[in-house]
Amino acid sequence: MSDVQKDRSMVLQKQMIARHFERLEKAPETGEPVVYTFVPGNLTELIRSFGALPVLPEINALQSGMRKRSGDFINEAEKSGHSEDVCTYVKCDIGMLKSGNIGPTGTRLPKPDLLLLSYTGCYTFMKWFELLREEYDCPTVFFQVPYQGDGAIEPQHKEYMVKQLRDEVIPALEKVTGKKYDEDRLKEMLALSAQAEEDLVAVLQSAKNKPSPIDAYFGAVYYVGPIFSAFRGTPEGVEYYKELRREVEQRVAEGRGPITPDGPLDDQKYRIVVEGPPNWTHFRDFWRMFAEEGAVVVASTYTKVGGVYDFGFRHDPNDPLGTLAEYCAGCYTNINLPGRIAMIERYIRDYDADGFIINSVKSCNSFSAGQLMMVREIERRTGIPGGFIESDLVDPRYFSAANIKNRLESYFQMIDARRMGVSA
Amino acid sequence: MRCVIGIDLGSTTTKAVILDEERRVLGRGITNSRSNYDLAAAVARSEAYVTARFNLLRREVAGRVDDAMLERLRRAFKLEQTLHQLRRLRELIDEEIDRSHENGLRRPLKDAIATMFERIEREEEERFADPNPPKRSDFFRDAAGSAFNRIAEEIADPTGVTFDMLLGLYDKCIIRVENEPLELGFRDHIGAALERIGRPPEIAGAVDRVARVELEEAASVGTGYGRARLPFPKEQIRSEILCHGLGAHAMFPGTRTVLDIGGQDTKAIQVDENGIVTSFQMNDRCAAGCGRYLGYIADEMNIGLHELGPLASKCHRCVKINSTCTVFAGAELRERLSLGERREDILAGLHRAIVVRAMSLLARSGGVFNEFTFTGGVAKNEAAVRALRELVHENYGDISMNVSPDSIYTGAYGAALFAHEVAN
């Protein structure tokens, strides 16, 4: 019975995504406008309130990675002159474009009517959309999100962003969709977002239980899929998270752990916090390396790149543009290093973790700069040992299984040795 | 008597260490890992048992027999082992001649081979008689190979038995000799070794007694890259990082930082006052700066790995080498030679380049703390040790640096210490 329920949220998500990609494929015929944008600081509700459909290139890239197609796409991009060291999301996307723009679900992706660049902490995004603008010759709008350099969103930041939304983003959307901005519609959608966010947070925080009913990194990557992509502010999104929460709460009631590629992980030896994106090309192998050791991830920063909700932020229908601004500025990639450190420290304490591991991504400097410094500072503050591994986003050439396994095994054994050392 | 064993299946060499009940080192064995990890483990193990018995013998006759006689017996034993392997190699080569050469060539080839083996055997006997034999590799393959090569060059006749023919025979058969589990145990050769040194009465009885001692293996722990090949349950497998940390601590109890440069990876390890690892960093998938780099250089220069350090130590000025890339090492070496740089100066630069790379890992792991211990195969290389001493001093000041002559066994020693814990 419970297995069937577990499946339902997965089935729902699969159907939602398939329908979305079908709509995208038919967009040239139906005339639905298409807006390309990025996950961190995405303005999904605003885009959809204009009846437009979002396309998120990083999600396409990571999906290609999981489907073992990114290697060919990266090759294709390198043939057209992109260097080996450039962000592999970019090359995967460019390669996909050069290979006919067939998206991860096998359907053709439409051309963008608008490139909406919401800038949250990654300069490469700007260059990426420059490349796409060159390709598609379409309007581009740049929504500048001030970096939380001092660790806070200041009132003037918010004003500056709201002004941009009003003066630049909304007029651009009005122009390409031919529709007027409808604030009531946006408010309705934001209320739906808040509902879904509430359930997502309940799911993520369920990892405070022992055993944890979820894996808050490998498993949660699936959980955040709808809310980080096209489904925030939609009834399907609300339904999905309601269902997911029900399933997870049932597992808590039964005292069960998550399902991993090696089956259920009820016997959990290590509770780990993870920082950094996962490796997508060897996602299951990577997960398996944790599961085999009895390690469950109880919290991760990566599941906050599309919005940090677990410290209280919810989209507020009463302040539609202001809340969008706050949301964008609050995304994980827009947080400075002390903020990231404080967040991991808090996760370690709140989730009673035994350790934390950083997966440092070779081709993403904006994520990995400062990570070693973070390890030391978090170790100093918590007294808990940090582990450091290196892989990549979607370049299969950067994943050395033996090396990563070696480091992970050593890391877990180190925790064991320390436990025994302390108890002896 | 009860004993425990630790086996370190490294990428280039396999090491075994046996401890007695008081955790004292009883025996050590080492062999090249070849392409057959199972066999390498078996050979290292049997060699460790041989040295264990020699140590028991030493204890048995302590105070009654001087070390010189024991050393003579040990060398006689080694000679018997080598002669045994040479005989087997010759048998296989003769069979190979019958199988793969025409009638007319068989006789001259066999004569040439007979001459060669007579000479090699004579050289071995002379080596045994020489109280200070020249240093060379301990591995049968290396020793036999270099002698074979040298003599083949001298006796080859371009019109009949060519150098290529002779070397081809060696190449075909050496792998089989290496991959056959030869009888190399204590009891197999100690009788002949004893005869060779004239069966001194003060030792003969003790040899008999020691040969009859039952060595009961109470526990075994495996480590190293090939650890998955060992027929041990998972609890008896420990990561190299933990083993090097514990091994270094046992050798030098004041150790806080450990650097292990192995065949294909380098690890910077921090340990606490009990030898428990508190943090570590490891090279990424790229093996730059590892022992293998030196292997490539030795191949490029057509010299033995053990000759690199002494040659580099003769440098007048250290050439600055930019690339630590293993694959580029050969290119850089040839370029420097073509610019007229001296071989030993280039080699000194290459050694320094490896250590510079290791310094970065040490920095990543938190720095170098007193006392600092250098472990792994590269610690046998005097030029690498010197470069490390200089760089540690430049970067961290006055730190005492430990290098044990048995550094290559540190991982196996740590594994044996873990085995001791398992057994008790």
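Begin by selecting the largest cavity of this predicted model, which has a volume of about 90 Å³. On a 1 Å grid over the protein atoms alone, a cavity is a set of points where a 1.4 Å probe fits but cannot get out, and lining residues have an atom within 4 Å of a point; grid points are joined across faces, edges and corners, and a volume is the space filled by probe spheres set on the points. Thirteen residues line the largest cavity, and those closest to its centre are Val375(A), Glu379(A), Ser279(B), Gln281(B) and Arg364(B). In the structure there are seven cavities of 30 Å³ or more.

Before going on, note how the model is to be read. Residues are numbered from 1 along each chain as its sequence is written, while chains are lettered from A and ligands numbered from 1 in the order in which they are written. Because this is a predicted model, local features need pLDDT of at least 70 and side-chain atom pairs count only at pLDDT 80 or more, whereas totals for chains, interfaces and linings use all residues, and side-chain values use heavy atoms, with hydrogens and water left out.

Colour next by pLDDT, the predictor's confidence in each residue, from 0 to 100. Chain A has a mean pLDDT of 94, with 98% of its residues at 70 or more, and chain B has a mean of 90, with 99% of its residues at 70 or more. Residues 1-5 of chain A stay under 50, and the model has eight contacts for them beyond four places in sequence, where contact means heavy atoms within 4.5 Å. For the complex, the predictor gives an ipTM of 0.83 and a pTM of 0.88.

Helix H16 (371-382) and strand E10 (386-391) of chain A, together with strand E7 (277-282) of chain B, each supply at least two residues of the lining, and the largest share, four residues, comes from H16(A). By class, this lining has four nonpolar, six polar and three charged residues, where Ala, Val, Leu, Ile, Met, Phe, Trp, Tyr, Cys and Pro count as nonpolar, Asp, Glu, Lys and Arg as charged, and the others, Gly among them, as polar.

Now select Arg364(B), which is in helix H12 of chain B. Leaving aside its neighbours within four places in sequence, Arg364(B) is in contact with Leu372(A), Arg376(A), Phe388(A), Glu390(A), Arg407(A), Gln281(B) and Met282(B).

Axes are lines fitted to C-alpha atoms, for helices over the stretch in contact, and angles run from 0 to 180 degrees between N-to-C directions. Leu308(B), Gly309(B), Leu311(B) and Ala312(B) of H10(B) meet Arg343(B), Glu344(B), Leu347(B), Ala348(B) and His351(B) of H12(B).

Move to helices H1(B) (residues 37-61) and H6(B) (residues 186-196), which pack at an angle of about 50° with their axes 10 Å apart, and are therefore oblique to each other. The contact is formed by Val50(B), Arg53(B) and Phe54(B) of H1(B) with Phe186(B), Arg187(B) and Ile190(B) of H6(B); these residues divide into four nonpolar, no polar and two charged.

Finish with the backbone. Most residues other than glycine have a negative phi, and most peptide bonds are trans. The bond from Lys210(A) to Pro211(A) is cis, with omega near -5°, and Pro211(A) is found in the loop between helices H8 (183-205) and H9 (220-223) of chain A. Asn370(B) and Glu371(B) are also joined by a cis peptide bond, with omega about -10°, and Glu371(B) lies in the loop between H12 and strand E8 (372-375) of chain B. Asp137(A), a residue other than glycine, has a positive phi near 50° and lies in the loop between helix H6 (123-136) and strand E4 (140-144) of chain A.

Technical notes: 1 Å grid on protein atoms, 1.4 Å probe; cavity = no way out; pocket = protein on both sides within 12 Å on 5 of 7 lines; lining within 4 Å. Parallel < 35°, antiparallel > 145°, perpendicular 65-115°, else oblique.
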